[in-house]
Amino acid sequence: MMVVYSLALKRAIKQKITLVMVMLFPVIIILIPPFPYNIIPFSFTIYGLVIMFTAFILTKQVLDDRAQKTIVRIAASPLNHYAYVGGHVSAYMSILLVQVVFFMLLAVFRFSVSPQFFLVSSLIYIVFALMSIAFSLFWHLFFKSYATSIAVYSVVANIMALAGGLTVPLEMFPERVKDVVVVLPTYWFAYSLDASYNGTYTNIGYTLAILAAFTIGFFAIGSKRSF
Amino acid sequence: MQKNRYLSEKTFPYYTQGLSYLMVLYSLSPQSPAVFLLIISSISFNIVKWRFKLPSTIFYLEFVVLIILETFIPGSLLLIIPPLFIFKRWPVPEAALIAFVPFLIQNVTFQYYLFLGIALFAVTFQLLWKNDAEQAELNNDRLRKRLYLQEGRMDTLLNDQQEISRLAALHERDRIAQKLHDDLGHELTGAHLSLKAYKTIVNRNDSVMEAFDKGFERLERSLQALRQTVEATRPLESFGFETFKNMVDQFESPRPVLEVKGNVWSITPKAWYAVNSVLKEALTNITKHASPDEVHIRLEQTDAITQLKISNDGLTSQTNNAGHGLRFMRRRIEALNGMVSITKTNWFTIIVTLPREEHDA
């Protein structure tokens with residue numbers, strides 16, 4: 001698994017887009033001015049979209065392996081499929097961890113955030129990052145080429161972000177709409193960020209558990225070996 | 001028949017299950033994080049169950065957990081209904097249990113029974129559909145297998161036919177060579193000898209004798225030509241009894257005891273072909289599967305039938321089921337209105353009986 005991990009990490013870092021996603025996007029995001037009202041700054045929620053796309057771009061390797069039939073050769077090797085998936089996911093997770101830490105450091109300088117919020121939101125981002133990786137793996141299962149996969153994903157991810165309250169504050173949502181969008185993991189991400197920004201930490205455990213349950217569901221399907 | 005990849009008896013349960021989860025979702029209050037956590041956990045757990053093929057008895061564990069949760073979150077018990085959809089058999093004991101136990105708990109709504117009814121109806125429909133599809137698939141497989149066997153049989157028979165016509169040609173050539181040698185050859189030789197004697201007795205030296213010598217030379221040349229023709233016409237390849245004899249002689253372990261009865265020369269090429277292929281198959285089988293101490297081969301030609309009997313005492317357990325070779329042998333013989341009987345008491349014996357056909361000579 002460590003071999004796969006280091007290899008996946010190397011492959012990910014070799015792509016320039018990874019560095020752009022990790023280093024440049026958090027900086028751009030952090031520069032977005034906050035709302036004049038007393039609600040969570042836009043940067044915090046829209047960063048969820050960046051996480052989703054970073055995870056998606058990173059998991060490109062898995063789709064490429066399948067498209068170029070590398071996965072068949074790996075299947076013939078003594079390498080366990082779970083070691084393959086585990087190595088890749090932990091490599092992507094490390095990169096996303098770096099990004100989250102980088103973003104949170106920038107956030108500390110840009111906005112005056114409480115230490116509680118800093119800790120809780122970091123935790124939320126980490127769980128959401130894992131969820132995004134699981135979701136991307138699940139998503140890639142339905143496509144044979146990266147081009148179509150990302151084309152459809154960019155539409156779906158933006159809709160998820162919009163409906164889940166990443167690009168539009170949840171406060172603006174009518175109750176009937178909220179009833180529908182609860183099925184999206186992005187809703188619970190935005191919900192928990194909102195709650196922790198407002199200092200109500202009672203439901204954070206539940207929302208983190210919800211994100212974890214989404215992660216397990218997506219991983220269960222996404223980790224399936226398909227050739 | 002092209003099967004729909006997205007809607008078939010295999011995918012349908014997942015749709016109905018998803019739909020039932022949606023129904024549960026909107027009959028509870030989904031905005032409450034605790035309720036939603038419960039639902040999404042149930043969904044994820046079901047995915048894990050499907051993915052890692054957990055045993056279906058885990059349903060009872062789920063049931064106990066949900067009964068406990070029912071006291072904290074009213075309506076949790078509804079979540080026991082969606083898992084019913086992906087049972088591969090009729091979930092009768094499970095359904096009976098979940099229909100009965102809510103009597104012990106208060107606050108069970110009408111919705112619960114409504115869902116249960118709908119679910120059982122859908123499960124029944126799914127299972128009937130699945131059974132139907134499986135039956136159709138099975139029938140298809142059976143027909144495909146039959147077609148495959150028929151094609152194989154056709155190939156064998158076509159090959160046999162070609163081989164038989166080739167053998168018939170060889171047989172005919174042999175018959176012509178024999179006729180030339182026996183009838184024409186002897187007559188000509190007789191004439192040649194008579195003329196030679198005549199020349200010795202007369203011993204004249206004139207123009208009449210010259211013409212006689214010319215005729216005599218021509219007769220000698222034609223005799224020569226006849227000999228060459230006979231030589232060329234007789235087939236080099238062995239066939240018929242010769243092949244049979246060669247096969248028996250070449251078999252070494254152990255050397256077979258051969259017994260031949262009747263006029264085997266009157267057996268037709270078609271019958272020879274069948275007899276020889278049976279012998280070949282039988283000898284191959286003996287080499288492959290049995291290690292006998294004795295092998296007996298008996299060929300008998302009577303007025304009505306041609307019969308070949310091959311027996312060996314090396315009966316092993318492997319010889320119990322008839323393989324492809326024996327099946328093809330049987331088919332070949334049956335195509336000639338013959339019969340094959342195989343007995344396996346102490347000795348493994350194959351008896352092939354063919355009706356005698358009139359020789360065309």
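**Cavities, pockets and a nonpolar patch**

The second largest cavity is lined by Ser266(B), Ile267(B), Thr268(B), Lys270(B), Ala271(B), Gln301(B), Thr306(B), Leu336(B), Leu354(B), Pro355(B), Arg356(B) and Glu357(B). Here a cavity is a set of points on a 1 Å grid over the protein atoms alone where a 1.4 Å probe fits but cannot get out, and lining residues have an atom within 4 Å of a point. This is a predicted model, in which local features need pLDDT of at least 70 and side-chain atom pairs count only at pLDDT 80 or more, while totals for chains, interfaces and linings use all residues. Residues are numbered from 1 along each chain as its sequence is written, chains are lettered from A and ligands numbered from 1 in the order in which they are written, and side-chain values use heavy atoms, with hydrogens and water left out.

That second largest cavity holds about 90 Å³ of space, a volume being the space filled by probe spheres set on grid points joined across faces, edges and corners. Helix 8 (269–289) and strand 5 (347–355) of chain B each supply at least two of its lining residues; helices (H or I, at least four residues) and strands (E, at least two) are DSSP runs, numbered from the N terminus.

The largest cavity comes in at about 170 Å³. Its lining has 16 residues, with Val62(A), His81(A), Tyr84(A), Gly222(A) and Lys224(A) nearest the centre. Helix 6 of chain A gives the most to this lining, with 5 residues.

Now for the open spaces. A pocket is an open set of points with protein on both sides within 12 Å along at least five of seven lines. The largest pocket has a volume of about 1,900 Å³. Of its 44 lining residues, Phe138(A), Phe142(A), Ile221(A), Tyr14(B) and Trp50(B) sit closest to the centre. Helix 2 of chain B is the top contributor to this lining, with 8 residues.

The second largest pocket has a volume of about 660 Å³. Tyr14(B) and Trp50(B) turn up again among the residues closest to its centre, along with Ile86(B), Phe87(B) and Lys88(B). Helix 5 of chain B provides the largest share of this lining, 6 residues.

Helix 1 (12–27) and helix 5 (110–202) of chain B each give two or more residues to the patch.
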